[in-house]
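Look over the sequence and the fold, then work through the points below.

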Amino acid sequence: MTDLSGRHGLVVGVANKRSIAWAIAQRLAGCGVRLALTYADERLGENVRALAASLDAPLILPCDVTSDDQVRAVYGEIGEAFGSLDYLVHAVAFAPRAELTGRFLDTSRDGFRIALDVSVYSLIALARGAAPLMRGQGAGSVLTLTYLGARRVFPNYNVMGVAKAGLEATVRYLAADLGPENIRVNAISAGPIRTLASAGISGFSDILQVYRDRAALKRNVDAGEVAEAAFFLLTSATAITGECLAVDAGYNIMGM
Ligand code: NAP
């Protein structure tokens, strides 16, 4: 197993044991990476603290990604405790429930703003905060999670599809800005997985079934498989940046 002791990571987006972020955190921690995990509100802070009990000396910090002050405070704490940062995992998305059902045409201005702020701008804010801590040691790697709804229309995914399209463009612009500092920025486009966030999308069970029927591998993916690809992009894909890697059992390649 790769020994990554002495390396540090920030994982944003652990809500519970089903979270894709938690699978990635476990994969990194299993190789000795010391982690900082954040929670959006106190309600989920308990979950995160309980999960993190299995990690080695983790840093557990509050961070609502819509708050510049909280993002700044997270990096202040990481700077003090770790001194540097190697990996940033951004696994955060949100749209008001009313936006994830019915017609996209009815998207509200407020719903649009909230979805893009939480799900897209947060990557810019977090990457900007991470850069000085990565720069210090001459390399760094940032990873975010997207979905095929950025490129194709899925019923009820609505404004989240537009947010994910923005997120994928953001990956490319950040990769260009941070490339000269040897900081890589990539995305994984994961197949559908049952989590807290996906439970908010109406008809999600139907999406899972369609993937099982049509994906090249004729099955769904699990968070562990996404974590394995994330680990590759974060730790060893030294010439890959600005990319979006599909981890979807080959669903996106099929014509029908
Ligand atoms: P999850 O466990 O519910 O994770 C989503 C996370 O986003 C939660 O930890 C949530 O915290 C956090 N979040 C929402 N608003 C936030 C805010 N203002 N500040 C900080 N954190 C906030 O679901 P997941 O499926 O693993 O989602 C992780 C990522 O994978 C998302 O970007 C999602 O779009 C993407 N993805 C998921 C799938 C899928 O099928 N599950 C497929 C492709 C891509 P709270 O619960 O506290 O709000």
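In which helix is the place of T235? T235 sits in helix α7. The model is predicted.

- The side chain of T235 has a polar atom 2.7 Å from the backbone oxygen of F231.
- Setting aside residues up to four places away in sequence, T235 touches L4, L28, Y87 and R184.
- One of these partners, L28, is also listed among the residues with the most contacts inside the largest nonpolar core.

**The nonpolar core**
- The largest nonpolar core counts 90 residues.
- Inside this core, the most contacts belong to I24, L28, L37, Y75, I78 and I188.
- Helix α4 spans residues 109-135 and gives the most to this core, with 11 residues.
- I78 has its own set of partners beyond four places in sequence: L10, A36, L59, L61, G83, S84, L85 and L133.

**L10 in strand β1**
- L10 belongs to strand β1, which runs over residues 8-12.
- Is L10 buried or exposed? L10 has a relative accessible area of 1%, and the cut-off for buried is under 20%, so L10 counts as buried.
- Not counting residues up to four places away in sequence, L10 touches A36, T38, V74, Y75, I78, L85, Y87, L88 and V89.
- L10 and A130 are 120 residues apart along the chain, yet their C-alpha atoms are separated by 8.8 Å.

**Helix α2**
- Helix α2 covers residues 42-52.
- Its buried residues are L44, G45, V48, L51 and A52.
- Why do the buried residues of α2 line one face of the helix? Seen down the axis of α2, they fall within an arc of 130°, so they share one face.
- The face of α2 turned away from the buried side carries R43 and A50, which are exposed.
- What do the buried residues of α2 pack against? Their partners are α1 (20-29), β2 (34-39) and β3 (59-62).

**The ligand site**
- There are 28 residues around the ligand.
- Which of them come nearest? They are S19, L44, K164, I193 and T195.
- L44 is also one of the buried residues of α2.
- S19 places a polar side-chain atom 2.6 Å from an oxygen atom of the ligand.
- A197 has a backbone N or O atom 2.9 Å from an oxygen atom of the ligand.
- For V92, a backbone N or O atom lies 3.4 Å from an oxygen atom of the ligand.
- How much of the ligand does the protein bury? Taken alone, the ligand exposes 860 Å², and the protein buries 90% of that.

**Positive phi angles**
- K218 is a residue other than glycine with a positive phi, near 55°.
- K218 lies in the loop that joins α6 (204-214) and α7 (223-235).
- A249 is a residue other than glycine with a positive phi, near 60°.
- A249 is found in the segment after β7 (244-247).
- The relative accessible area of A249 is 8%, and the cut-off for buried is under 20%, so A249 is buried.

Methods:
Residues numbered from 1 in each chain as written. Predicted model: local features only at pLDDT ≥ 70, side-chain atom pairs only at ≥ 80, totals over all residues. Heavy atoms only, no water. Core = buried A, V, L, I, M, F, W, Y, C linked by side-chain atoms within 4.5 Å. Buried < 20%, exposed > 50% of the residue type's maximum accessible area, 1.4 Å probe, protein only. Helix = DSSP H or I, 4+ residues; strand = E, 2+ residues; numbered from the N terminus. Contact = heavy atoms within 4.5 Å. Near = heavy atom within 4 Å. Polar contact = N/O pair within 3.5 Å; in protein donor to acceptor, adjacent residues only side chain to side chain. Areas by Shrake-Rupley, 256 points an atom, 1.4 Å probe, with all protein chains shown as cover. Arc of directions from axis to C-beta.
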